[in-house]
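Trainee: I would like to learn how to read pockets and nonpolar cores from a model. Could we go through one together?

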Amino acid sequence: MNAVTAPTAAADRITLMQTFVRIVEAGSLSAAALQLGATQPTVSRRLQALERALGTRLLSRSTHAMALTEDGERCFGRAKELIAAWESFESDLRGAGAEPEGTLRVIAPHAFGQQLLVEPLGEFLRRYPRVSVDWLLHDRAPDFIADAVDCAIHVGEVDDPSWVAIKLAEVPRIVVGAPSVLRGKKAPSHAKELAALPWLALRTFYRTDVSLTHTDSGEQCHVPISPRLSTDSLYATRSATLMGLGVSVVSAWAVADDLAAGRLVHLAPQWRASPLPMHLVYPYARHYPAKLRRFVETMRQAVPGELVERLAQGG
């Protein structure tokens, strides 16, 4: 009897932990139930069953709020690790020896998708000849259902609890301008001097002010700006900056060639904007196809090195 019930109990514990993690990430039992395709009473019973099995209270709940207990904090971190390990083990067993095949649909930001990520994408296609890729370029957050895509490259913070987010790299950002925008004046050395210059805004990440940090002292400076042009495109921002319409904060890799050729000037070089995290994101699922798992592996290995090489070689 033990030989039959023990594996069942282990599988049940995994389900209970998955439910607990989803409750915490979704922020409520009702939201978790919606994501899991279950009823709220079912989700509540699973939580209670896990608390009974562990002999401790994991969540403190009232009619208006929900918070992790001290034991709940510890359990949450460990549960995520255990679930990830179990799903990896299960996927490896199910997909062991399986050759990835089919079409993978991926969304990437325009600038990154046209330049920085093409080499890792090519490596993936060469490695897995039975996979084809729909490489879709959008400068907005993905909607996995409406866009019918498997995964996306997302630049910036991830705040959607229904996404799995794999951090690939951090993208350095600097302040640049064309020599003509200085009108023969000395280039600013302190962040506060930048406020006197005309500005362009990459509205996805900044609009009316820019926060910069000194690389050595850690001093922070908030620079108010009134942009002459606002856009959600990194390439449009770079082009307008090259035309001398204003200065901007941009990804360092995107302007490395321009800086080396003297078309742009690195302004207040000791001051940097916070680097942008780059994630590969996809929706939670019980199982993931081999084509997605192999794409994740390829990007995790290739993107950080590609980014460093671009910066070192000037784009």
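Trainee: By class, which residues make up the lining of the second largest pocket?

Mentor: A pocket is defined on a 1 Å grid over the protein atoms alone, as an open set of points where a 1.4 Å probe fits, with protein on both sides within 12 Å along at least five of seven lines, and lining residues have an atom within 4 Å of a point. Here the lining of the second largest pocket has 16 nonpolar, seven polar and five charged residues, where Ala, Val, Leu, Ile, Met, Phe, Trp, Tyr, Cys and Pro count as nonpolar, Asp, Glu, Lys and Arg as charged, and the others, Gly among them, as polar. This is a predicted model, in which local features need pLDDT of at least 70 and side-chain atom pairs count only at pLDDT 80 or more, while totals for chains, interfaces and linings use all residues. Residues are numbered from 1 along each chain as its sequence is written, and side-chain values use heavy atoms, with hydrogens and water left out.

Trainee: Which element gives the most to the lining of the second largest pocket?

Mentor: That is β5, with four residues; strands are DSSP runs of E, at least two residues long, numbered from the N terminus.

Trainee: Why does His 279 count as buried?

Mentor: Buried means under 20% relative accessible area, with a 1.4 Å probe and protein chains only, and His 279 counts as buried because its relative accessibility is 10%. His 279 is found in strand β13, residues 271-283, and its contacts (heavy atoms within 4.5 Å) include Ala 152, His 154 and Lys 167, not counting residues up to four places away in sequence.

Trainee: Which residues have the most contacts inside the largest nonpolar core?

Mentor: A nonpolar core is a set of buried Ala, Val, Leu, Ile, Met, Phe, Trp, Tyr and Cys residues joined through side-chain atoms within 4.5 Å. In the largest, of 63 residues, they are Met 278, Leu 280 and Phe 295.

Conventions: Buried < 20%, exposed > 50% of the residue type's maximum accessible area, 1.4 Å probe, protein only.
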